[in-house]
Amino acid sequence: MSAFEYAPAPESRAVVSIEPEYGLFINGKFVKGKKHFPSINPATGEKLSNITQASNADVDKAVLAARSAYQKTWSKMAPAQRAKYLYRIARILQERAREFAVLETLDNGKPIRESRDVDVPLAAAHFFYHAGWADKLQHAGFGSAPKPHGVVGQIIPWNFPLLMLAWKIAPALATGNTVVLKPAESTSLTALLFAQVCQQAELPAGVVNIVTGDGAVGAALVNHPGIDKIAFTGSTDVGKIIARSVAHSGKSLTLELGGKGANIVFEDAAIDEAVEGIVNGIFFNQGHVCCAGSRLLIQEGIHDEVVGKLKVRMAKIRVGDPMDKNTDLGAINSAEQLMKINELVDYGKKEGGEIWSPQCTLPSKGFWFAPTIFSGVTQAHRIAREEIFGPVLSILTFRTPQEAIEKANNTPFGLSAGIWSEKGSRTLWASNQLKAGVIWANTFNKFDPASPFGGYKESGWGREGGRHGLGSYIKGGDHE
Ligand code: NAD
């Protein structure tokens, strides 16, 4: 150990108690399932628990419970009362923040620093924010008596398990809907702990139901005739299947899908700040981020300087045990995701990209990928076009601002973009030209419940968060 090495700072896992087996959360109670599959800790390969694979009959029961709660309780309740439950949930999430952070890190592989400082506080903030809207909906611009859809089916991915749950459940409940939510199969544990929070908050039975399992359970929800609206976050491929299934069904649909965000560094940028933003843009959450800045566009004159400084900075990234508070880059969420990253990286090499990673020793157990950059990438390369969803950055160059915009927009996606420039007029000009739902200037990956989030083109339909996000859960609100 050199004189300046960090000492290990492990977070204790004693704050969580994980049951050997979990059932489904239907009508306010945990009910036993018949078939199970393991949930593993991706940092070690250790089995954490057995999760229920819900059957079609279980999905039926959950939808019926949500319908009954909608008709008998939730739609009849005074909006200020609904707000009370959302505030309670927000407070309990804060009180149990450490437990949620540790469980999220064990189940997902993300660094404890991120689950503790980003995922859990933002999840609580979403409940606080939407609690505030619950009794003010008539002032939100959706008419004097906005109406909920009814029963909403919600399907979420594994990259921000609790946070995506909060993005879905908080606005749905605030606007008077009841929900059946399906977490991703590799990360169900914080959703099941959230079910306990619903019990602790004495949320009326059936308002929130949680069914676990794989894509077949998601498809059962999507195709269920008792569902009025589907809200999906996940891959563009599955989003397209869902859009086809829902067409002509009369169900409302919002989709939050993939991305290939351009992070553009103009030659007048503050380079050291831009380098921090590039690292945050692609290595936050192992690059498992829909809005990651996974395509770096650098103006030609500063390419060598930026890449040189980026390599120096990347050599300082601490990869390893996600439960260590000093860790920057944790585990890849699953063997399947690691395979996908390896496949695209192999393509990148074959297509002539120049690959570089800092020296780092990866743990022998679990799923890991070193922070990686590819220089000399062109628009035609697969790694410039497809979402890798891992800690891998593709670097392209441009000569003029117009060329930067053309390259940035040359993608079927349109979720996020970043602009690095000290010139306000250039930043405003570029942000007006970029076809992306979220654009950050001289920063990256900033989230706030009051700010709408969502995509253009194959990145999705509709918005989550802010006043716009409320509209997705109000009849006719999507089109307003
Ligand atoms: P995925 O599409 O494979 O799975 C997402 C969810 O859909 C899971 O719960 C899965 O079980 C379920 N599912 C799978 N097949 C289904 C089907 N046929 N019908 C219904 N449900 C089905 O995506 P993933 O690998 O879990 O997540 C990564 C993707 O999510 C990336 O593409 C990422 O960009 C995207 N994402 C988008 C946002 C956003 O806000 N736009 C946020 C986070 C992640």
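Visitor: From which domains does the shell around the ligand draw at least three residues each?

Guide: A residue belongs to such a shell if its C-beta atom, placed from the backbone, lies within 6 Å of the molecule. Here domain 1 (21–257 + 456–471) and domain 2 (262–441) each supply at least three residues of the shell; the bounds come from an automatic or database domain assignment. This is a predicted model, in which local features need pLDDT of at least 70 and side-chain atom pairs count only at pLDDT 80 or more, while totals for chains, interfaces and linings use all residues. Residues are numbered from 1 along each chain as its sequence is written.

Visitor: How many residues surround the ligand, and which are the closest?

Guide: The ligand is surrounded by 29 residues, of which Pro157, Gly215, Gly218, Gly234 and Cys290 are the closest. By class, 14 are nonpolar, 10 polar and 5 charged. In this scheme Ala, Val, Leu, Ile, Met, Phe, Trp, Tyr, Cys and Pro are nonpolar, Asp, Glu, Lys and Arg are charged, and the others, Gly among them, are polar.

Visitor: Which helix gives the most to this shell?

Guide: Helices (H or I, at least four residues) and strands (E, at least two) are DSSP runs, numbered from the N terminus. At least two shell residues come from each of helix H7 (215–222) and helix H8 (236–246). H7 makes the largest contribution, 4 residues.

Visitor: How many residues of domain 1 are in contact with domain 2?

Guide: Contact is read from C-beta atoms placed from the backbone, which must lie within 7 Å of each other. The centres of the two domains, taken over C-alpha atoms, are 30 Å apart. Across the interface, 19 residues of domain 1 touch 25 residues of domain 2. On the domain 1 side, H3 and H4 each provide at least two residues, and H4 has the largest share, with 3. That side is made up of 6 nonpolar, 8 polar and 5 charged residues.

Visitor: H3 has now been named. How far does helix H3 reach from its first C-alpha to its last?

Guide: The expected span of a helix is 1.5 Å times one less than its number of residues. H3 (residues 97–108) has 12 residues and reaches 16 Å, close to the 16 Å expected.

Visitor: Is H3 mostly covered or mostly uncovered?

Guide: A residue is buried if 20 or more other C-beta atoms lie within 10 Å of its own, exposed if 12 or fewer, and partly exposed in between. H3 is mostly covered, with 9 of its 12 residues buried. The buried residues include Phe100, Val102, Leu103 and Leu106, and also Glu104 and Asp107. Their cover includes strands S3 (35–40) and S4 (47–53), together with helices H2 (79–95), H4 (112–133), H5 (161–174) and H6 (189–200). After H3 comes glycine 109, with a positive phi near 95°.

Visitor: What covers the buried residues of H9?

Guide: The cover includes strand S10 (262–265), S11, helix H10 (303–314), strand S14 (392–398) and strand S15 (416–420). Among the buried residues of H9 are Val275, Ile278, Val279, Ile282 and Phe283. The 13 residues of H9 should span 18 Å, and the end C-alpha atoms are 18 Å apart, which agrees.

Visitor: Leaving aside its neighbours within four places in sequence, with which residues is asparagine 159 in contact?

Guide: Apart from those neighbours, asparagine 159 is in contact with Asn285, His288 and Val289. Asparagine 159 sits in the loop between strand S5 (151–155) and H5. Asparagine 159 is buried, since 24 C-beta neighbours fall inside 10 Å.

Visitor: At which residues does UniProt place the feature "domain: Aldehyde dehydrogenase"?

Guide: The unreviewed UniProt entry places that feature at residues 32–474. UniProt annotations may be inferred rather than shown by experiment. In this model the end C-alpha atoms of residues 32–474 lie 34 Å apart, and the span is 42% helix and 16% strand.

Notes: Contact = placed C-beta atoms within 7 Å.
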